[in-house]
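Here is a friendly walk through one structure. Take a look at the sequence and the model first, and then read on.

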Amino acid sequence: MTPILEIRNISKRFPGVLANDKVSFSLQKGEVLAFLGENGAGKTTLMNMLYGLYTPDEGDIYLNGQRIDIESPNDAISHGIGMVHQHFMLVPVMSVVENVVLGDETQQLLGVPVTPFTRRVQAFLHRVDPRPLFQHRLAGPYQLARKALTWALSYLVFFALVFLLLFLDRTFAGMTIALFSLFYLLLSFLGGRRPSLPWSKPGRGRWLQIGIALAAALLLAGLEEALGLAGVVSTVVEGILRAGLIVAAAYIGLWLLLGAYLLLWEGLNFLNGLIPLGMRSDAKKVAAISRQFGLDVNPYAMVSELPVGMQQRVEIVKALYRQADILILDEPTAVLTPQEAEELFQVMRSLIDQGKSIIFITHKLKEVLRVADRILVLRGGRMVGEALPKQATEASLAAMMVGREVILTVEKERVAAGEAVLQVENLAAVDERGHPVLRGVSFEVRAGEVLGIAGVQGNGQTELVKALTGLYRVGSGRARIEGVDITDASPRQVSELGVAHVPEDRVKDGLVLSYPIYDNMILGSYYRPPFARGLLIDEDAVHRQAVDLVQTFDVRTPSIATPVRNLSGGNMQKVIVARELSRPIKLLIASQPTRGLDVGSIEFIHKRIIEKRNDGAAVLLVSAELDEIMSLSDRIAVMYEGKILYTVDAAQATREELGLWMAGGPTHPLHGGETLERQPA
Amino acid sequence: MSANQPDPPAPGFLQAQRRRLLPLFLGLIGLIFLAVVVSILTKRGVDLILPLFGLSVLLLIGLITLRAGSFNWLRGAVIPLLAVTTALIIGAFLIAFTDRAVLQALGNFFDDPGGALRLAWNAVATAYSSMFEGAIGSPTRIADGLEEWIMSGEARAFRSAMRPIAESLTRSIPYVLTGLAVALGFRAGLFNIGAEGQFLIGGLCAVVVGFSVTGLPAYIHLPLAILAGAAGGAVWGGIVGALKAWTGAHEVINTIMMNWIAFRLVEWLLRGPLEATQGTRRTAEILDTAKLPRFFEPPIRLHAGLFIAIAAALFVWWFLWKTTWGFEMRTVGANPNAARYSGMNIGRNVILAMALSGTLAGLAGVSEALGLTHNMTLGFQAGYGFDSIALALLGNSHPGGVVLASLLFGVLRSGGTRMMSVAGVPLEITSIIQAMVIIFIAAPAIVRSLYRLDIRRDEMEPATITRGWGS
């Protein structure tokens with residue numbers, strides 16, 4: 001059977017990085033194909049190429065056995081490929097229908113099916129776009145013409161140079177040409193991609209050609225009178241100029257005409273959008289799709305009022321509405337609760353049953369084993385293995401992803417918990433709009449123990465951590481560290497007490513992305529010796545510290561001067577963990593310490609956290625990953641709507657029970673208990 | 001480098017000879033430049049200049065080809081340089097198309113394209129070469145003046161030949177200081193639009209101290225006047241910083257309002273209390289003891305404000321990159337969330353940054369008042385404060401960059417004046433060129449797509465660039 005989609009030897013390079021290296025795979029109709037890989041393994045790059053966000057440098061894509069080019073998301077959609085991104089591309093203040101039809105071009109306009117023609121015009125304009133002329137990437141049907149034009153242009157430029165030298169102020173022209181050469185030189189060697197002049201091929205050799213042209217021009221200028229060339233050259237140059245002008249005029253005219261058509265089409269499209277929602281057939285169609293695939297989406301609901309799981313379904317409807325046969329889901333469960341993920345898996349099943357095919361990207365091993373029909377593993381941009389869920393285990397997949405054996409469970413011996421380090425009593429706080437986010441939280445963390453706080457995101461965990469570290473104003477209640485009151489203390493006061501904080505949002509709070517690694521390593525301690533000598537920063541000490549930490553914490557980076565922006569998520573997190581754990585601490589507050597990281601980094605960070613606990617530090621761990629909480633914690637507390645509903649010894653906790661409490665517990669309104677107000681996330 | 005084919009390896013010959021060729025190239029280029037200089041000075045062999053120049057460019061190309069890797073530190077200069085070049089190119093079109101003769105020739109363009117091009121070229125050539133002469137000076141006049149000075153000891157001709165370059169420097173001084181003011185603000189995450197007002201207040205305070213305090217020797221009076229101006233600017237900026245830190249009022253709005261207050265305040269003072277002679281709308285001349293010394297005799301106006309500017313640039317660099325306070329300030333600017341998280345006091349930094357920024361702008365006013373005008377008139381600020389925003393952008397908010405950008409603006413300003421008088425190109429063209437430089441700097445994507453440069457890694461989204469580093 002011909003696979004519905006086949007990828008052959010696709011490669012994609014980014015500056016200095018080979019993101020995909022000759023990747024090949026095929027997708028059968030009615031199959032869930034899962035892609036596994038660490039962060040930076042090239043999964044997303046690969047999918048972005050399928051969806052037309054990037055164009056591959058090499059390799060071919062075949063749809064139903066036919067080679068296709070995907071140059072834009074529109075191309076992908078017209079070939080029946082739809083994508084649900086990790087971050088939803090929805091407009092919150094619009095209804096579901098409006099979001100679904102937004103940017104859709106398959107509709108008819110006043111009964112006229114203009115889309116195919118428009119596409120053709122766009123394609124044509126793309127093909128005759130003069131700009132790639134200068135890029136030496138001659139491909140496509142107009143190759144020959146383009147090549148000829150390139151030649152013509154290159155000689156035009158050459159003649160223009162000579163012309164300038166012969167007939168104009170010679171000193172000035174000479175200076176200009178010299179400056180231009182310098183300027184291109186600079187471009188070439190400093191600007192990343194080498195610029196290509198029309199008459200030269202990429203590579204260093206072109207400088208020879210430029211040099212020859214320049215030397216010839218100067219020579220001609222010097223010898224013009226001796227050779228009596230002036231008249232001849234001027235005639236030739238003028239003839240070429242005149243011919244070139246006529247061709248250019250025709251060319252520009254064509255562009256203007258077709259461009260005007262596209263503009264008109266956009267305008268009409270805009271007018272179409274003004275027709276009221278109820279009068280359009282779109283809503284009915286959306287409802288029909290939703291019914292057909294069991295998606296249960298209300299077409300008239302406002303997107304901002306929908307829970308995350310439902311928003312994701314809107315994205316799926318969006319793809320289905322555009323008649324996608326192949327759906328790419330990029331880490332769809334990253335934002336979902338376990339229950340929502342379960343529902344998503346059911347939706348995926350029903351899609352498969354109706355003949356759709358799904359590409360599913362994730363780095364969660366459990367999910368892959370549950371829902372995939374076939375598993376492909378990427379590592380370092382290469383396809384390293386294929387597995388069937390029946391034969392694979394979590395450990396075997398993890399090993400394939402990372403390239404070595406990975407210990408999935410954290411080994412830790414029991415340590416007798418000591419004195420209470422952090423005591424929290426009845427902590428309450430409100431958000432900016434005055435809604436309560438913490439409703440009386442009480443707990444304590446003792447030395448040598450890990451207290452894990454489980455809960456679906458948005459139940460007050462973020463605010464709790466921020467309140468404890470001095471970043472959030474507390475309404476009432478008290479928090480103490482070793483007896484010292486830290487309610488409404490400043491972040492500096494808290495950290496001076498020996499508190500390390502791995503923030504939830506590493507990019508927003510934990511790092512200065514534009515700073516080199518060494519500056520990020522002293523973010524909390526820059527004002528203290530050995531990094532500060534009076535008002536001055538001791539750069540040697542800072543660099544030594546960075547070299548030291550980069551080694552001990554295995555941060556993979558070309559140098560300590562690399563801006564943190566250029567590191568992968570795992571290495572960014574290692575920088576933060578290294579910084580926070582590098583000083584003596586009594587309490588570690590780690591919020592989502594491994595979110596979005598790959599197995600290798602997770603393993604590493606978990607080990608460090610347990611090490612600190614064994615050294616006698618108290619650890620407060622907040623995580624949305626139940627597995628993480630269960631494997632690291634000594635005790636587990638479940639937070640729901642700003643309260644701690646349930647605390648249990650980790651040894652006695654079960655997944656099911658915790659899941660139940662995370663959803664509000666047995667007393668949740670569903671079960672006839674007290675009514676709790678649910679707030680939109 | 002993603003789209004192009006990989007470069008072929010350099011020929012073995014070059015690789016083997018690299019080390020030996022390098023000094024050879026360097027020596028040759030040096031010799032050629034020496035020859036050019038000598039031929040200019042002796043006014044002999046002028047015809048050789050052009051070929052020699054071409055040759056040295058060729059050699060330079062070869063040199064850089066050989067030493068490609070060692071010029072990486074220049075990468076940051078690519079975008080500003082390209083922006084300036086592009087603006088000059090577009091400016092050339094503007095000059096050509098506003099020239100009457102060119103427009104006439106364009107009427108029968110299809111019959112005689114060469115003629116129109118020739119005229120256009122000539123217009124641009126005259127304009128830009130007069131701009132060059134106005135900004136740097138005419139090499140022949142300098143040579144003549146030097147010769148006369150050496151032969152007869154009469155330096156007047158040399159001085160007047162050197163005047164353009166000295167004038168460019170003089171005009172750069174307030175640019176450097178106001179540019180530093182805005183750049184420092186940018187580094188701290190603050191948009192100080194109020195350099196204009198701080199400039200005015202700084203100048204005002206300096207002038208008032210300059211003419212009203214009498215009987216002091218210069219070594220006390222001058223520093224006092226400078227300090228008064230700096231303090232005036234610091235207060236004018238510090239108020240805005242304090243408002244932001246304590247009440248959250250946005251600095252953009254408040255600096256604009258402080259500008260208006262400064263303008264009207266000075267206007268009122270010049271109409272009444274400080275007006276020296278009825279109807280002149282200007283203050284009294286400052287005392288000689290408060291004047292910044294000038295280095296040379298007229299017509300060169302270069303004054304000691306130059307040292308203030310250089311010292312300020314060095315100070316800003318040292319402060320921002322070598323001290324803990326500067327580290328805090330940069331962190332607050334780069335990521336206020338992370339700054340708060342690491343225990344920095346954001347309010348304190350905002351106030352300090354605005355006060356420092358105001359001080360620098362105030363110093364610009366000081367150097368202008370004590371060095372050039374020696375009194376205060378209406379329109380004293382002359383737009384330096386607003387141009388400074390562009391300077392900070394152009395200089396990438398780095399002191400070194402700001403100094404270079406200021407030199408460029410100084411050159412454009414003094415060259416533009418001459419371009420108008422000699423080539424008849426309106427002064428507005430210079431402003432347009434300046435504006436375009438800023439547009440291209442502010443939107444590097446335009447330049448990058450124009451010249452097909454790769455998007456730099458740190459300009460790309462973290463999601464795409466992190467790939468491949470391994471984790």
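Angles between axes under 35 degrees count as roughly parallel, over 145 as roughly antiparallel, 65 to 115 as roughly perpendicular and the rest as oblique. The model here is predicted: local features need pLDDT of at least 70, side-chain atom pairs count only at pLDDT 80 or more, and totals for chains, interfaces and linings use all residues. Residues are numbered from 1 along each chain as its sequence is written, while chains are lettered from A and ligands numbered from 1 in the order in which they are written.

In chain B, helix H16 (residues 399–423) packs against helix H17 (residues 427–442) at about 155 degrees, and their axes are 8 Å apart. Helices are DSSP runs of H or I with at least four residues, strands are runs of E with at least two, and both are numbered from the N terminus. Axes are lines fitted to C-alpha atoms, for helices over the stretch in contact, and angles run from 0 to 180 degrees between N-to-C directions. H16(B) and H17(B) are therefore roughly antiparallel to each other.

## The nonpolar cores

A nonpolar core is a set of buried Ala, Val, Leu, Ile, Met, Phe, Trp, Tyr and Cys residues joined through C-beta atoms within 7 Å. Buried means that 20 or more other C-beta atoms, placed from the backbone, lie within 10 Å of a residue's own. The largest core has 268 residues, and B:Leu180 is among those with the most contacts inside it. Helix H14 (residues 346–373) of chain B gives the most to this core, with 13 residues.

## Chain A overall

Chain A has 22 helices and 22 strands. Of its 681 residues, 41% count as buried.

Notes
A residue is buried if 20 or more other C-beta atoms lie within 10 Å of its own, exposed if 12 or fewer, and partly exposed in between; C-beta atoms are placed from the backbone.
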